[in-house]
Amino acid sequence: MAYPLQNYLVLSALLFGIGMAGFLYRRNVIVMFMCVELMLNAVNLTIVAFAAHHGLNVGTVYALLIITVAAAEAAVGLAIIISIFRLKGTLDVDEYDQMKG
Amino acid sequence: MENLIFYILAAVTLCGGLGVVFMRNPVGSALSLILALLGMACVYLTLSAEFLAAVQVLVYAGAIVVLFLFVILLVNQEKAPAGGFSRLRLVVPVAVIGVSVFWACLLSRIESPEVFADPSLGSGTEAAKLLFTTYIFPFEAVSIILLASMIGAIVLAKRKGVK
C-alpha cells in the first residue's frame, strides 16, 4: 500500500482546519480542548508522512514524543478545567472573564 | 481505484473531526474524537508505522479520551450552562475551513511521488533503537515532563482545604 504524499498532506490540512474551526466556534472549554488534540494529531500525521517520504526512521520517534507531551498537556489542562469549573460553576469560556480579557 | 482504502479512512477520520466540532453533547464529541483517532491510527498503518498506530490507539483512544470522558462526567452539566455554539462567530470557522479546503486543493494539484513505505521503517524495534541511542535525552526529558504534569494535575485538581 503506497499512496501519494499529497493524500496525507491534504488529510492533515483538512483535519487541522476542522480542529481550528472548532476551537474558534465552540464555547465549551472541554470541546475546545478536544479540538486542540485534533490539531496535534493533524501535525503528527504530517511529520510521519514526510519522514516516510524521505525514508527516515525518526518520524515514529518524534510522533511518539509529541503524543507523550499531548498526554501530559491533557492531564494538566483537564485539571485546570476542573478547578476553574469549581470556581465559576460553568464550562462556558465566555464566562471566564476574571482577567478582563 | 487503488486509493479507495485511503479515501475511506480519510472520510472516517474527517467525519470524526466534524463530529467533535458539531456534536451538541460533549460526550458525543468525545466519542467522535475516538472515531477520528482510530481513523488516524489506520492511516498510520498505511504508512507502515505499526508501532505508532498501536500507541495512538492505546494512549489517545484509550487514555486521553477516557480522561476527557471522566472530566465530562465529573462536571455536572445538568446544573451548569455548558456553552454550546456561538452563532456570531460562525463566520470564523467557515472562513478557516474554507481556507484549509483551498489549501488542500492547492496541495492536491502538486504531482508528488508515492510514499515509499518501507515495512521495517515504523516497527517497534527500529523506533526503540533510535529512542534509546540518539534520542535518549528527549526520552528522559519526556519522562520528567510526565512526572511534572502528574504532580501538577494532582495539585491543581485538589479541592481547597483538603489536606
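Biologist: How much of chain B is made up of buried residues?
Modeller: Buried residues make up 28% of the 163 residues in chain B. Please keep in mind that this is a predicted model.

Biologist: And how many helices and strands does chain B have?
Modeller: Chain B has six helices and zero strands. Read from the N terminus, its elements go α-α-α-α-α-α.

Biologist: What share of the contacts in chain B is between residues 24 or more positions apart?
Modeller: Counting contacts with a separation of 6 or more, 53% of those in chain B join residues 24 or more positions apart.

Biologist: Let's pick a helix. What span should α2(B) have, and what is the distance between its end C-alpha atoms?
Modeller: Helix α2 of chain B covers residues 26–46, which is 21 residues. At 1.5 Å a residue, α2(B) should span 30 Å, and its end C-alpha atoms are 30 Å apart, so the two agree.

Biologist: How do α2(B) and α3(B) pack?
Modeller: Their axes are 8 Å apart, at an angle of about 175°. α2(B) and α3(B) are therefore roughly antiparallel to each other.

Biologist: Which residues make that contact?
Modeller: On α2(B) they include A30(B), L33(B), L37(B), A41(B) and Y44(B). On α3(B), E50(B), Q56(B), Y60(B), V65(B) and F68(B) are among them.

Biologist: And by class?
Modeller: The contact of α2(B) with α3(B) has 20 nonpolar residues, one polar and one charged.

Biologist: What comes just after α2(B)?
Modeller: Just after α2(B), S48(B) takes a positive phi of about 55°. S48(B) has this positive phi although it is not a glycine. As background, most residues other than glycine have a negative phi.

Biologist: Where does S48(B) sit, and is it buried or exposed?
Modeller: S48(B) is in the loop between α2 and α3 of chain B. It counts as buried because it has 21 C-beta neighbours inside 10 Å, and the cut-off for buried is 20 or more.

Biologist: Let's switch to the two chains together. How many residues are in contact?
Modeller: 66 residues of chain A are in contact with 80 residues of chain B. On the chain A side, α1 (5–25), α2 (29–53) and α3 (58–88) are the elements that give two or more residues. α3(A) gives the most, with 21 residues.

Biologist: What classes of residue are on that side of chain A?
Modeller: The side of chain A that touches chain B has 46 nonpolar, 15 polar and five charged residues.

Biologist: How does α3(A) pack with α5(B)?
Modeller: α3(A) and α5(B), which is residues 124–132, have axes 9 Å apart and an angle of about 70°. The two helices are therefore roughly perpendicular to each other.

Biologist: Who makes the contact there?
Modeller: α3(A) brings V58(A), T60(A), V61(A) and L64(A), while α5(B) brings A127(B), L130(B) and L131(B). By class, these residues divide into six nonpolar, one polar and no charged.

Biologist: Now the largest nonpolar core. Which residues touch the most other members?
Modeller: The largest nonpolar core has 66 residues, and I30(A), M34(A), V48(A) and Y44(B) touch the most other members. At least two residues of this core come from each of α1, α2 and α3 of chain A and α1 (4–22), α2 and α3 (50–74) of chain B.

Biologist: What is M34(A) in contact with?
Modeller: Leaving aside its neighbours within four places in sequence, M34(A) is in contact with V20(B), S29(B), A30(B), L33(B) and F68(B).

Biologist: One more loop, please. Where is S123(B), and which residues is it in contact with?
Modeller: S123(B) is in the loop between α4 and α5 of chain B. Sequence neighbours within four places aside, S123(B) is in contact with E50(B) and F51(B). S123(B) is partly exposed, with 17 other C-beta atoms within 10 Å.

Biologist: And where is T134(B)?
Modeller: T134(B) is in the loop between α5 and α6 (136–157) of chain B. With 13 other C-beta atoms within 10 Å, T134(B) is partly exposed.

Note on methods. Residues numbered from 1 in each chain as written. Chains lettered and ligands numbered in written order. Predicted model: local features only at pLDDT ≥ 70, side-chain atom pairs only at ≥ 80, totals over all residues. Contact = placed C-beta atoms within 7 Å. Helix = DSSP H or I, 4+ residues; strand = E, 2+ residues; numbered from the N terminus. Nonpolar A, V, L, I, M, F, W, Y, C, P; charged D, E, K, R; others polar. Axes fitted to C-alpha atoms, helices over the stretch in contact; angles between N-to-C directions. Parallel < 35°, antiparallel > 145°, perpendicular 65-115°, else oblique. Buried ≥ 20, exposed ≤ 12 C-beta atoms within 10 Å, placed from the backbone. Expected span 1.5 Å × (residues − 1). Core = buried A, V, L, I, M, F, W, Y, C linked by C-beta atoms within 7 Å.
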